[in-house]
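Please examine the model shown below.

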Amino acid sequence: MIKIPFSKVSCSRNELKYITEVLDCGWLTTASKALKFEELFAQKVNAKYACAVNSCTSALHLGLEALGVGQGDKVFVPAMTFTATAEVVRYLGAHPVLLDVEYGTTLITPSILEKAIKDNPNVKCLIIVHYGGQAAEMTNNSKTGILNICQKHGIKIMEDAAHAFPASLNGRMIGNFGDITCFSFYANKTITTGEGGMLTTDNEDIYKRIKIMRLHGINRDVWDRFTSDKPSWEYDVIAPGYKYNMPDLNAAIGLAQLEQAEDFKNERLRVAKYYFKHLADCQWIDLPICKTDINEHAWHLYPIVLNHKSNVLRNIFIEKMSEAGIGTSVHYKPLYRMTYYKETYDLNPDDFPVCEKIWNGNVSLPIFPELTNEQLEYIRDTIINIQNNSKI
Ligand SMILES: *Cc1c(COP(=O)(O)O)cnc(C)c1O
């Protein structure tokens, strides 16, 4: 019986070695490994500061807080994202304003943003999601990119780059465009620490605020309190902060994963190229549109859309793929279809025509570094057989 999971972590290099170092040192939470991970990550994405946390959701929460988002503020969020992107807005008593996306890329474009600002001139912040691992149009040659628009209107930008490591736009790494960028190292992301996240910024004030709020609102690192040679029991609390620090056990895995990030990315690119080439003739499938250079895409996801020519509906397709031993997923069921957002904001699917068109047929195909070419052939053949055997 063939079994191809939707995603699978590669974890066979220095992970165990670094974890053992943490165990041997006798201090299992945030210390030198997390610090090293922050340093190397900041270098990699070319950001001044990086702050390791226990999830991307924590990073998004800390980020919005540091940007001053609060009670009653409006924040733009794409409707096609994971609930974490929007829930953090609610943590702070602010309101997510859901935006429709572009067909093919599932991204927010400068023109979508311009129109949304006309309808919501008092919006405080935009959370941009680099969907699937492709950078949104942050900048462009005509200076009409998302950064330019936000600057013009005084709108803060936080990037949800949970899919986008390592990714770049015209040679510039995702991680230093907006005011703040948040990455995820959740178990199925492009690199993982089990649970974990990273926040990057070039702004020193934001960095200082986040470091304090990450650990109870304490004005200095607690680990220092236990490992420092000097008697240093005293600390001050300046705000009711959170408990969002990344333990060294996780950072140890992160360091080993970071060493492999480019190799992983190249393998994912191989998979994406295979699908582009071998599904190109399937008239019933809309393939993802890559507007950036294909090499700059992180290829966290390979999302296809079964269009109106398909003989099978999405749910049946997923069932049949599963019967053939192939794992798939859906990214995403749009947020306005989720009970909480639908009821709280009285949302109507008719207001999101593009998301609806995507939602009707979206399926994410397996994509991970160890996927073999034989497995890819089997996936391609299965997709074609499902269509041919479902003639109507
Ligand atoms: C995975 C994900 C998150 C949340 O990441 P965690 O590290 O699990 O908190 C946020 N946004 C998007 C788009 C994601 O895919």
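This is a predicted model: local features need pLDDT of at least 70, side-chain atom pairs count only at pLDDT 80 or more; totals for chains, interfaces and linings use all residues.

## Helix α1 against helix α9

Helix α1, residues 15-25, packs on helix α9, residues 248-278. The angle between the two helices is about 150°, and their axes lie 8 Å apart. Because of this angle, α1 is roughly antiparallel to α9, the cut-off for that term being an angle over 145 degrees. The crossing of these two helices is right-handed.

On the α1 side, the contact is made by Glu15, Tyr18, Ile19, Val22 and Leu23. Helix α9 contributes Asp248, Leu249, Ala252, Ile253, Leu255, Ala256, Gln257, Glu259 and Gln260. By type, the residues of this contact comprise nine nonpolar, two polar and three charged.

## Helix α9 against helix α13

Helix α9 also crosses helix α13, which spans residues 373-388. Here the axes come within 11 Å and the crossing angle is roughly 35°. This crossing, too, is right-handed.

The residues of α9 that take part are Arg270, Val271, Tyr274, Tyr275 and His278. Those of α13 are Asn373, Leu376, Glu377, Ile379 and Arg380. Together they divide into five nonpolar, two polar and three charged residues.

Tyr244 belongs to the loop between α8 (222-227) and α9. Is Tyr244 buried or exposed? Its relative accessible area is 15%, so Tyr244 counts as buried, since the term applies under 20%.

Leaving aside residues up to four places away in sequence, Tyr244 touches Ala52, Val53, Asn54, Ser58, His61, Leu62, Tyr91 and Arg214. With one of these, His61, the contact includes a polar one: the two side chains meet at 2.8 Å. Thr106, by comparison, is 138 residues from Tyr244 along the chain, and the C-alpha atoms of the two are separated by 30 Å.

Which residues of helix α4 (residues 83-91) are buried? They are Ala84, Thr85, Ala86, Val88 and Val89. Among the elements that cover these buried residues are the helices α3 (56-66) and α11 (339-345). The strands β2 (74-78), β3 (95-99), β4 (125-129) and β5 (156-160) also belong to this cover.

After α4 comes Gly93, which has a positive phi, near 80°.

Note on methods
Residues are numbered from 1 along each chain as its sequence is written. Side-chain values use heavy atoms; hydrogens and water are left out. Axes are lines fitted to C-alpha atoms, for helices over the stretch in contact, and angles run from 0 to 180 degrees between N-to-C directions. Helices (H or I, at least four residues) and strands (E, at least two) are DSSP runs, numbered from the N terminus. Angles under 35 degrees count as roughly parallel, over 145 as roughly antiparallel, 65 to 115 as roughly perpendicular and the rest as oblique. A crossing is left-handed if the near helix is turned anticlockwise from the far one by less than a right angle, and right-handed if clockwise. Contact means heavy atoms within 4.5 Å. Ala, Val, Leu, Ile, Met, Phe, Trp, Tyr, Cys and Pro count as nonpolar, Asp, Glu, Lys and Arg as charged, and the others, Gly among them, as polar. Buried means under 20% relative accessible area, exposed over 50%, partly exposed in between (1.4 Å probe, protein chains only). A polar contact is a pair of N or O atoms within 3.5 Å; within protein, one must be able to donate a hydrogen and the other to accept it, and residues adjacent in sequence count only if both atoms are side-chain atoms.
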